Structures are given as C-alpha cells and as structure tokens.
Amino acid sequence: MDRDLLARALRPLVPELTSFARWLVGSVQEADDLVHEVVLRALENAETIDDPTRLRAWLFRTARYTRVDIFRAGVARSRLLVLEGGIGELEDAAVPTDPVPAILDRVDVEKALAKLPEIARAAVLLADLWQFSYDEVATILEIPVGTVRSRLARARARLAQLLLTEAANRAAGGDS
C-alpha cells in the first residue's frame with residue numbers, strides 16, 4: 001500500500017487503537033508510546049500491507065505483540081514517529097473517544113475486566129467493545145476460532161458473575 005494512502009487510512013483508526021492500548025498497558029503514557037510504535041511499524045511496513053480492509057485487525061494484533069516486545073523486554077518505550085509533514089494529524093486523532101466511560105459510570109466494568117486473565121480480557125474487548133468478528137479476534141490473538149468462542153463464553157460468564165457480585169455489594173451498601 002502506498003505510504004500516503006496508509007497514513008490516511010490510519011487516521012480514523014488511531015483513537016480506537018489508543019483506547020485498546022490503554023486497556024492493554026493501563027497507563028496513558030505507555031499506551032501513547034505503544035500506539036506511536038504501532039503506527040511507525042505500519043508505516044515502515046506499508047508495502048507489505050496490501051489489504052486495507054484488514055488494516056484494523058493488523059493494527060490491533062500488532063499492538064498486542066508490540067506491547068510484549070517493547071514493555072516486557074524493557075526495550076526503549078518510544079521511537080520518534082517521523083512522517084512527511086510531521087505527525088500533526090495523527091497526533092490530533094490520537095485523543096481517544098473511549099466508548100467505555102458511559103458504562104463505567106453505572107457499573108465498574110473496568111475493575112471486573114482487570115480481574116480476567118489477559119487473553120480473556122483481550123478477547124472480550126476485541127469482540128464486544130471493538131466489534132471484531134470471531135475470525136478477526138482469532139487472527140489478532142493467533143488462536144483458533146473455536147478457542148475464541150470458548151474463551152469468550154467463559155470470560156463473559158466470569159464478567160457477569162463479577163458484576164452481579166459488585167451490584168449486590170453496592171445494593172447492600174458495602175464496598176467490593
């Protein structure tokens with residue numbers, strides 16, 4: 001894919017990717033660093049990204065594995081993202097519109113999600129929050145579709161249990 005075309009295709013995906021990155025790493029600064037790294041990798045590999053319809057899944061999968069590569073390995077947390085004409089438009093797009101806060105005002109979903117194992121949490125976020133298909137989730141997490149289905153079923157059941165417990169605690173006037 002042409003690098004300029006790729007840069008234009010990336011812009012609307014950056015807020016969603018940033019939100020996912022924040023769920024992955026838990027820190028705004030590290031999430032921003034992760035998104036910068038993923039965008040840089042995409043631009044460096046523009047010629048290998050030939051199907052724009054799969055770009056979104058490619059970015060999410062790359063974010064997941066880049067997090068492992070960079071943050072667990074202790075490698076430098078950010079590289080300067082250099083685009084022709086600067087990063088301006090991508091930076092402007094990087095301010096996320098997170099779809100979760102409206103839900104968090106009513107029920108502490110974030111806390112319940114944090115109690116799930118990482119792979120289960122990623123599957124739920126990808127399928128339920130960012131509306132990836134099961135096939136796309138399987139591609140991003142590099143697991144079979146059947147495994148995606150079973151992990152989602154178990155994760156959703158566990159989330160329901162955690163949220164019901166939280167609701168019961170609140171109704172009883174206790175803390176969780």
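## Packing of H2 and H3

Helix H2 passes helix H3 in a right-handed crossing, the near helix being turned clockwise from the far one by less than a right angle. This is a predicted model, in which local features need pLDDT of at least 70 and side-chain atom pairs count only at pLDDT 80 or more, while totals for chains, interfaces and linings use all residues. Residues are numbered from 1 along each chain as its sequence is written, and side-chain values use heavy atoms, without hydrogens or water.

H2 (residues 14–25) and H3 (residues 28–44) pack at an angle of about 130°, with their axes 8 Å apart.

## Salt bridges

The structure holds five salt bridges, each a side-chain nitrogen of Lys or Arg within 4 Å of a carboxyl oxygen of Asp or Glu. One of them joins arginine 22 and aspartate 32 (3.4 Å, N to O); arginine 22 lies in H2 and aspartate 32 in H3, so the pair ties together parts that are 10 residues apart in sequence.

Arginine 41 and glutamate 37 also meet in a salt bridge (3.1 Å, N to O), and, being four residues apart in H3, they are separated by about one helical turn. Glutamate 37 is buried, with a relative accessible area of 5%, whereas arginine 41 is partly exposed at 22%; buried means under 20% relative accessible area, exposed over 50%, and partly exposed in between (1.4 Å probe, protein chains only).

How values were computed. Axes fitted to C-alpha atoms, helices over the stretch in contact; angles between N-to-C directions. Helix = DSSP H or I, 4+ residues; strand = E, 2+ residues; numbered from the N terminus.
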